[in-house]
Amino acid sequence: MSTHDTQSPETLAVHAGVDRYEFSPVVPPIYQVSTFSFRDADHGAALFAGTERGYIYSRMLNPTVQALENCLATLEGGVRALACGSGMAAIYTALTGFLRAGDHLVCSDAVYGPTCTLVEQELPRLGIESDVVDTSDLDAVKRAMRPRTKVVFVETPGNPTLVITDLEKVAALAHEHDALLIVDNTFMSPILQQPFAWGADLVVHSLTKFLNGHADVVGGAIITREEAQYGMLRSKLNLLGGVLPPLESFLVHRGVKTLALRMARHCENAQKVADFLESHAQVEWVAFPGLKSHPQYELGKRQMKGPGGMISFGVRGGLAAGKAVMNAVKLCGLAVSLGGVETLIQHPASMTHATMGAEARKRARITDGLVRLSVGIENADDLIADLDQALAASWSGARGASGWDGQGERAAPTDVPPPATGRGSRAGV
Ligand code: LCS
């Protein structure tokens, strides 16, 4: 482990979590087993008592899963990690691990839809209350803090608006109130953002996205920076049961080996696509951390090592025009999820963020016209050509639909998200 302290993320992504001399294979094999044999009854009892180390049952620990966990902990700069059956399982396990009835939670308003639904519709059943606020506005976070606030949960950049929260400032605020800061780092991956370096206490991921990168696994992870927190969460995960199976762990671990290469390409491609969209007459606004028009461009540059691969934009003509673009793309896939090698396009208001409800979407500034792109690692020119033809098709489609006579198209209803409280108006829209 000691050499890992000085190695860069690109190197760690290839080597961390693999003890080449413990396993003679170059990569850890898939231990596709549910249970492990004891040498004798005393050995089994000693493993359960924790006086001897070893594997018992795959819901508790499995070597293939553990290799991935060690890799993720090292990459995030944490101490230990827990691989979970999905990103939602990781979030649920982390939140219910630290919150009990009577406690209070402050959560970012721009988060993956089901995270918001969990916080506002499910946790109250356990007696856990919350305030969902724009965490990019520190005053809003301050106002939301209560004596029983135990956790501040932040997703940055937020899904799908790409609003950026200042992790260092929000961590300091949480700690002033003896609360933990939990950060969902899914959109960035540990290659582009390391929340522990800014003071976060716990990091969660959907492994389904960039970490795995190949759209063939659903998984999640929690990374801790303290052994005691890991122990508590491991017991909790063992009881809740939402663990990641060995085959999925193997696939994610394989995906992580190319994470640094993929993230560089995602960033490069997304920058080109965002520049193209921003200059297109049919596009009303673009949200992308790599554009100077992003309200927190400078913060993003300080806190993140790259802008990431996610873009949100609005097409002139609002929802109808956005739908026409989604129906007209040929290379971009029309599907939810993100972070894979293939470019995907989707409509948050009717898809990923449908369950949170219209009010919660309004609060998070997720407008009906917002279209989200997860930019893959294809050739950027091919992606731009596809979006260009789709925008052209949507333009003629909109004309056809409205009986356009060549005059009135620019007067179509617009769909620009309002600026967040306390922040300047969006430049460039
Ligand atoms: N956190 C973030 C930031 C996410 O985007 C997602 C899923 C999750 C957590 C949950 O992870 P899962 O349980 O799906 O592994 N985001 C999705 C999205 O935007 N489209 O489809 C899934």
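## A strand at the sheet edge

Which residue in β11 stands opposite Leu334? In this predicted model, Leu334 has Ile345 of β11 as its opposite number. Strand β10 is joined to β11 (residues 344–346) by two bridges, and the two strands run parallel.

Both strands belong to an open sheet of five strands with mixed pairing, in the order β8-β9-β12-β11-β10. Its edges are formed by β8 (283–287) and β10 (333–334), each of which pairs on one side only.

## Helices on the sheet

Helix α11 (residues 259–278) packs on this sheet and touches β8, β9 (310–315) and β12 (370–374), its direction making about 15 degrees with that of β9. Helix α13 (residues 318–328) also packs on the sheet, where it touches β9, β10, β11 and β12, and its direction makes about 125 degrees with that of β9.

## The interface between the domains

The domain assignment divides the chain into domain 1 (62–256) and domain 2 (260–421), whose C-alpha centres lie 26 Å apart. Their contact takes 44 residues from domain 1 and 43 residues from domain 2. The area buried between them is about 3,400 Å², with carbon and sulfur atoms giving 57% of it; of the area that domain 1 buries against domain 2, Ile164, Leu192 and Phe210 supply 21%, more than any other three residues.

Four salt bridges are counted between the two domains, and 17 residue pairs are found in polar contact across their interface. On the side of domain 1 that touches domain 2, the elements giving two or more residues are α5 (113–122), α7 (167–176), α8 (189–192) and α10 (246–256), and α5 gives the most, with six residues.

Methods: Residues are numbered from 1 along each chain as its sequence is written. This is a predicted model: local features need pLDDT of at least 70, side-chain atom pairs count only at pLDDT 80 or more; totals for chains, interfaces and linings use all residues. Side-chain values use heavy atoms; hydrogens and water are left out. Two strands pair if DSSP finds at least two bridges between them. Helices (H or I, at least four residues) and strands (E, at least two) are DSSP runs, numbered from the N terminus. Contact means heavy atoms within 4.5 Å. Axes are lines fitted to C-alpha atoms, for helices over the stretch in contact, and angles run from 0 to 180 degrees between N-to-C directions. Domain bounds come from an automatic or database domain assignment. Buried area is the accessible area (1.4 Å probe) that two parts lose on being put together, summed over both. A salt bridge is a side-chain nitrogen of Lys or Arg within 4 Å of a carboxyl oxygen of Asp or Glu. A polar contact is a pair of N or O atoms within 3.5 Å; within protein, one must be able to donate a hydrogen and the other to accept it, and residues adjacent in sequence count only if both atoms are side-chain atoms.
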